Amino acid sequence: MTSQIKTLLLMAGLSAVLIVMGSALGGRQGILIALVFAVVMNIGSFWFSDKIVLSMYRAQELAPEDAPMVHGMVEELAHRAGVPKPKLYIVPQEAPNAFATGRDPEHGVIAVTEGIMRLLPPEQLRGVLAHEMAHIAHRDILIQTVAGVLASAITAIANMLQFSMIFGGSRDEEGNSNPLAAIAMMILGPLAAALIQMAISRRREYMADAAGASYCADPMALAGALNNLDAYSRHITMQANPATENMFIVSPLTGDSLRRMFSTHPPMEERIANLQEMARTGRYPG
C-alpha cells in the first residue's frame, strides 16, 4: 500500500472519529460543525502540518556553521538514502529525542533536541539521523505528521466535550440532554485515535530501524542509541504533546504498563534485538 493511500485512509479514519465526537457534542449541528472542522484540518494538516509541529516544539533551523559535523552526517546519509538533504532543526529541550517531518522528501525536515546533541556520542547520533532519514525515504513523514495534528484536534474536541458536560450538558439533535454519549466519546474518541496511530506506527518503526542501520552501516550504533535514549527518557522528562508521540524515534512519554501497551512504538527490547541480529548476520530486512 502506497504512502498516499495510507495517508488518505488515516485522514478518513480520524475524520470519522471527529464527526462522531461532533455528534456527541451537538447532535446534527455538531456533525455539520465537525465535518467542516475535519475538512479544514485535513487540508491544513496536509499542507502545513510540518510547520504546525515545528512551531509546537519551538524548533529553530540549525545553520550549517553552527553544527558542521551534524550537517555533514545528514548530507552523507541523504546521499545514501537517495533523497534531497533535509533541513535540520533543533528543539530547545534537554530530553534526548528526534523526529522527522515534511509532506515529502523534497520538503523533509529532521528535528533533534538539544539534549540528544549533547548526550549521544557521534556514532550513535549518526544512527539516529539515519533512522529519521529512513522515515523520509519511505515517505512516512506525511503520515506521521498528519496523524499527530488530527489526533491533537480529537483531543481538543474531547476537552470541549468535558467542558460541555460541566456547563450545561450535551444535547442530541432533538435537543434532549445526552450526557452518556458525551462521556462515552470523551473516552472513546482519543482512544480510537490512539489505536489508529498505533496500527500505522509500529511496523513503520521496525522498517526505519532496518533501513537506518543500512544507511549508517552500523546497526550496533543505532541499537546503542536506542538503549541510551530509552534510559534517558526514564529520567529526563520531555514536554511533549501525547498526540505527536508517534513522530519521535523513542516515545517522549513516560508512564505505566497500560500507556506502554497503547504506545505507538514497538517494545524497545525487540527493536534492539532486531538490530543486534542485523549486526550478527549482515542482513537488513525491509
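Helices (H or I, at least four residues) and strands (E, at least two) are DSSP runs, numbered from the N terminus. This is a predicted model, in which local features need pLDDT of at least 70, side-chain atom pairs count only at pLDDT 80 or more, and totals for chains, interfaces and linings use all residues. Residues are numbered from 1 along each chain as its sequence is written, and side-chain values use heavy atoms, with hydrogens and water left out. The chain has nine helices and four strands. Their order along the sequence is α-β-α-β-β-β-α-α-α-α-α-α-α.

**Whole chain**

- Of the 286 residues in the chain, 50% are buried. Buried means under 20% relative accessible area, exposed over 50%, and partly exposed in between (1.4 Å probe, protein chains only).
- Take the contacts between residues at least 6 apart in sequence: 71% of them join residues at least 24 apart. Contact means heavy atoms within 4.5 Å.

**Helix H7**

- H7 covers residues 219-233. Its 15 residues should span 21 Å at 1.5 Å a residue, and the end C-alpha atoms are 21 Å apart, so the two values agree. The expected span is 1.5 Å times one less than the number of residues.
- The buried residues of H7 are Pro219, Ala221, Leu222, Ala223, Gly224, Ala225, Leu226, Leu229, Asp230 and Ser233.

**H7 against H9**

- The axes of H7 and H9 (residues 268-281) come within 8 Å and cross at roughly 160°. H7 is therefore roughly antiparallel to H9.
- Axes here are lines fitted to C-alpha atoms, for helices over the stretch in contact, and angles run from 0 to 180 degrees between N-to-C directions. Angles under 35 degrees count as roughly parallel, over 145 as roughly antiparallel, 65 to 115 as roughly perpendicular, and the rest as oblique.
- H7 passes H9 in a left-handed crossing. A crossing is left-handed if the near helix is turned anticlockwise from the far one by less than a right angle, and right-handed if clockwise.
- H7 makes this contact through Pro219, Met220, Leu222, Ala223, Leu226, Asn227 and Asp230. H9 brings Met268, Arg271, Ile272, Leu275, Gln276, Met278 and Ala279.
- By class, the contact of H7 with H9 has 10 nonpolar, two polar and two charged residues. Ala, Val, Leu, Ile, Met, Phe, Trp, Tyr, Cys and Pro count as nonpolar, Asp, Glu, Lys and Arg as charged, and the others, Gly among them, as polar.

**H4 against H7**

- The axes of H4 (residues 122-137) and H7 come within 8 Å, crossing at roughly 95°. That makes H4 roughly perpendicular to H7.
- On the H4 side, the contact uses Glu123, Gln124, Gly127, Val128 and His131. On the H7 side, the residues are Ala221, Leu222, Gly224, Ala225, Asn228 and Leu229.
- Sorted by class, this contact of H4 with H7 has five nonpolar, five polar and one charged residues.

**H2 against H4**

- H2 (residues 68-81) and H4 have axes that come within 9 Å and cross at roughly 45°. The two helices are therefore oblique to each other, and their crossing is right-handed.
- In H2, the contacting residues are Met69, Val70, Met73, Val74, Glu76, Leu77, Ala78, Arg80 and Ala81. They meet Pro122, Leu125, Arg126, Leu129, Ala130, Met133 and Ala137 in H4.
- By class, the contact of H2 with H4 has 13 nonpolar, no polar and three charged residues.
- Met73 lies in H2 and counts as buried at 9% relative accessibility. Beyond residues up to four places away in sequence, Met73 touches Pro122, Arg126 and Leu129.
- Met73 and Pro122 are 49 residues apart in sequence, and their C-alpha atoms are 9.3 Å apart.

**Loop residues**

- Pro92 sits in the loop between S2 (87-91) and S3 (98-101). Pro92 is partly exposed, with a relative accessible area of 31%.
- Leaving out residues up to four places away in sequence, Pro92 touches Tyr57, Arg58 and Glu114.
- Arg58 has a positive phi of about 55° although it is not a glycine. Arg58 is in the loop between H1 (3-56) and S1 (60-61), and counts as exposed at 57% relative accessibility.
- Arg139 also has a positive phi, near 60°. Arg139 is placed in the loop between H4 and H5 (141-166), and counts as partly exposed at 35% relative accessibility.
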